[in-house]
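Please keep the sequence and the structure in view while reading.

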Amino acid sequence: METATKQLLQTYPILQKMSRYEKIFWKNPHDQEHEELPFSQASIFDAAARWDRFAPYLETVFPETRAAHGMIESPLIPIPGMKKAWEAENQTRLRGDLFLKADHLLPVSGSIKSRGGIYEVLKFAEKVALSAGDLTFMDDYSVLASERYRRLFSQYGIAVGSTGNLGLSIGTAAASFGFRTTVHMSADARQWKKDLLRARGVTVIEHPGDFTEAVTKGRAQAAADPKTHFIDDESSTDLFLGYAVAAIRLQKQLKDQHICVDADHPLFVYLPAGVGGSPGGVTFGLKQILGPHGHSIFVEPTHVPSVTLGMITGLNETISVYDLGLDGKTRADGLAVARPSALVGRVMRTLLTGAATFDDQELFRYLALLADTQHLFVEPSAAAGFTGIRPVLDAFGNSDQATHIVWATGGSLVPETERKQDYQTGKKLING
Ligand SMILES: *Cc1c(COP(=O)(O)O)cnc(C)c1O
C-alpha cells in the first residue's frame, strides 16, 4: 500500500473499515457550514424555464410525455406495504412515513438520467438553433422537430461516456433532434442498452475498461471535432442543474400530499451515487428549494464508495476506490464508478447530510420485497436507498414526524428476462 494511503487510513480511521469492504455510515462534519456555492436558486429556475420552453418539442417527439404536456416528471408514491416489509427485514419499527420517488418511471430512459442527460441535450440544441438557425425564445419549440431543423442539427454531434443509463438518455434525446450521436460505453454496460441505442440510430463504441476510461476516451475523440459537444459526466454543470430541477417538482408533490418539511418534520432523501452527478444535483436543488430540513443521504456499494471516499478525505476526484485497494465491482449498474465527479464533492461539502454503504445482496432483497408488496419493479441500483434508512435512524433518531423518500433511480426499461432474474436472486436470498 502507498505511503499516502497509509497516512489517510490513520487520519480517517473510517477508511480502514471501508478498505475491508465493511459497511459504514459517515456523518458529514461540514453539513450546514456556510460556504459560497458556484450556483444559486436562480440557476435552477433558469434550467426549469428551459425545460418549459422545450415542452412542446418533447410532447411532439416523445408521445409518452403527452399526458403531462411535455413535462418529464415521476410520481411520489406512498409505499405502506413496503414499509411493513422493511420493518420485518430490519426488525425495527420505522416511525416516519415512507415514499418512493419513482424516477424508474421517467419517460425516455426509464431512469433519473432523463433529468440531467436530456436537459444538457436541450441546452445544446437551443444554442445551435439560436445561433445557426432562426429560433427565438418566444417560438413554439415544436418547430425544432421539423425537417429544416433536423438538417441543421445533423451537422453537429453529441458524444458521451457512460455505464449505460446516461448513454440511453442522451443517445435517445440527441438522436431525436438528428444530431450525430456517439455513446462510449464501459465494459460493464448491459447488452440490451447497447442494442436499444443502436436501434435508435446511435453509434455505440464499446470500451474494454471501466467508466473513467470510457469517459476519457470519449472526451478525447470528441475534442477532435469542433462541431461535437461532449457531455462530461465527470464535471458538467448542465447535467447537475438538470437534476436539480427535480426539487421544484418535489416541493409541489410534497404539498399536494400534505407533507410538511421543517425543524419538527425532517425529510430524509436516499440517493444512490455513481459519479455523484444525479444525487448531487438533486441535493443542491433540495437545499435551495426546501431549505435546511431536507436532508440528503448518499448510498454506495461497499466495493465502490467513490463519492464517499472523495468527500471524507476532501480529495474528491483525485482519489479513486482502487487507491484504497478496493476492486470497484458491483452488480448495481451505474454505480460502478471508481473515481467521483470533480464538481460534486466540492458543492456537496456543506450540503450533504451523510453517506452509507451497502452490500450488493441487500439490493436484490429490497428489489424483490418492493415487487411483492407494491408491484413496482426497479433495477438493483434503484433499490439502494432502502439500505440507507437504518443507519439514519441510528444517527438521527427514529421520529414519527420524519418523512423518508427512497429515490428509485431506474428500471422501467429493463427487459422482462433480466427483471425475472433479479427478482429470483432476491427471493432466493430472502428465503435463505
Ligand atoms: C446513474 C445512476 C445512478 C447514479 O447517478 P450518478 O450521477 O452517476 O451519481 C443511480 N442509479 C441509477 C439507476 C443510475 O442510472
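The model is a predicted one. Its domain assignment gives domain 1 (3–39 + 68–108 + 240–431) and domain 2 (113–235). Both domains contribute to the lining of the largest pocket, with at least three residues from each.

**Domain arrangement**

- Between the C-alpha centres of domain 1 and domain 2 the distance is 27 Å.
- Contact between the two domains involves 29 residues of domain 1 and 24 residues of domain 2.

**Interface of domain 1 and domain 2**

- About 2,200 Å² is buried between domain 1 and domain 2, and 53% of this area is on carbon and sulfur atoms.
- On the domain 1 side, the residues that lose the most area to domain 2 are Val108, Tyr243 and Asp333, which together make up 26% of what that side buries.
- Five salt bridges are found across the interface of domain 1 and domain 2.
- Ten residue pairs are in polar contact between domain 1 and domain 2, counting pairs with both residues at pLDDT 80 or more.
- The side of domain 1 that touches domain 2 consists of 17 nonpolar, four polar and eight charged residues.

**A salt bridge in detail**

- Arg190 and Glu418 form a salt bridge, in which the closest N and O atoms are 3.4 Å apart.

**Largest pocket**

- The largest pocket holds about 220 Å³ of space.
- Its lining has 18 residues, and those closest to the pocket centre are Asp188, Asp210, Gly328, Lys329 and Ala336.
- By class, the lining of the largest pocket comprises eight nonpolar, three polar and seven charged residues.

**Cavities**

- Rolling a probe the size of a water molecule over the atoms shows where empty space is left.
- Across the whole structure, the search finds three cavities of 30 Å³ or more.
- The largest cavity contains about 250 Å³ of space.
- Lining the largest cavity are 25 residues, with Lys113, Gly274, Ser278, Gly334 and Leu335 nearest its centre.

Key:
Residues are numbered from 1 along each chain as its sequence is written. This is a predicted model: local features need pLDDT of at least 70, side-chain atom pairs count only at pLDDT 80 or more; totals for chains, interfaces and linings use all residues. Side-chain values use heavy atoms; hydrogens and water are left out. On a 1 Å grid over the protein atoms alone, a cavity is a set of points where a 1.4 Å probe fits but cannot get out, and a pocket is an open set with protein on both sides within 12 Å along at least five of seven lines; lining residues have an atom within 4 Å of a point. Grid points are joined across faces, edges and corners, and a volume is the space filled by probe spheres set on the points. Ala, Val, Leu, Ile, Met, Phe, Trp, Tyr, Cys and Pro count as nonpolar, Asp, Glu, Lys and Arg as charged, and the others, Gly among them, as polar. Domain bounds come from an automatic or database domain assignment. Contact means heavy atoms within 4.5 Å. Buried area is the accessible area (1.4 Å probe) that two parts lose on being put together, summed over both. A salt bridge is a side-chain nitrogen of Lys or Arg within 4 Å of a carboxyl oxygen of Asp or Glu. A polar contact is a pair of N or O atoms within 3.5 Å; within protein, one must be able to donate a hydrogen and the other to accept it, and residues adjacent in sequence count only if both atoms are side-chain atoms.
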